[in-house]
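Thanks for coming. I have one structure to go through today, so please look at it first and then we will take it piece by piece.

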Amino acid sequence: MFLDELTPFVQELTAHPVAFLGGLTSGLLRLNLSDDPVKSWLQNQGVAPASSAADRASSRNGGPQSISID
């Protein structure tokens with residue numbers, strides 16, 4: 001049962017080990033792909049990092065906003 005949950009993890013690791021480990025490392029180090037020096041390195045490699053929905057929402061709305069709940 002526990003092995004069924006790990007199957008997709010292992011499949012991705014064996015299919016694309018460099019990309020998987022790079023993504024895992026950047027996640028563990030909490031690197032933001034839209035910040036330098038990561039962004040400039042990715043551009044030199046010919047890759048454009050995809051912006052997340054949270055990045056688009058914060059740039060469109062100017063950041064966090066306060067709300068009042070009655």
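Predicted model: local features only at pLDDT ≥ 70, side-chain atom pairs only at ≥ 80, totals over all residues.

Next, the surface. The protein has 70 residues, and 7% of them count as buried. Its accessible surface comes to about 6,300 Å², and carbon and sulfur atoms hold 60% of that.

Now helix 1, which covers residues 2-15. Which residues form a nonpolar patch on the surface? They are F2, L3, L6, F9 and V10, and together they have about 500 Å² of accessible area. Take L6, which sits in helix 1. Is L6 buried, partly exposed or exposed? The relative accessible area of L6 is 33%, so L6 is partly exposed, as values between 20% and 50% are called. An α-helix has 3.6 residues a turn, so residues three or four places apart point the same way.

On to helix 2, residues 17-28. Helix 2 has 12 residues and reaches 16 Å from its first C-alpha to its last, close to the expected 16 Å. After helix 2 comes R30, with a positive phi near 55°.

Last, the largest pocket. How much space lies in it? About 150 Å³. The residues lining the largest pocket are G22, G23, T25, S26, L31, L33, V38, W41 and L42. Helix 2 supplies the largest share, four residues.

That is the end of my part.

Key:
Residues numbered from 1 in each chain as written. Heavy atoms only, no water. Patch = residues over 30% accessible without salt bridge, like charges linked within 9 Å, V, L, I, M, F, W, Y side chains within 5 Å. Areas by Shrake-Rupley, 256 points an atom, 1.4 Å probe, with all protein chains shown as cover. Salt bridge = Lys/Arg side-chain N within 4 Å of Asp/Glu carboxyl O. Helix = DSSP H or I, 4+ residues; strand = E, 2+ residues; numbered from the N terminus. Buried < 20%, exposed > 50% of the residue type's maximum accessible area, 1.4 Å probe, protein only. Expected span 1.5 Å × (residues − 1). 1 Å grid on protein atoms, 1.4 Å probe; cavity = no way out; pocket = protein on both sides within 12 Å on 5 of 7 lines; lining within 4 Å. Points joined across faces, edges and corners; volume = space filled by probe spheres on them.
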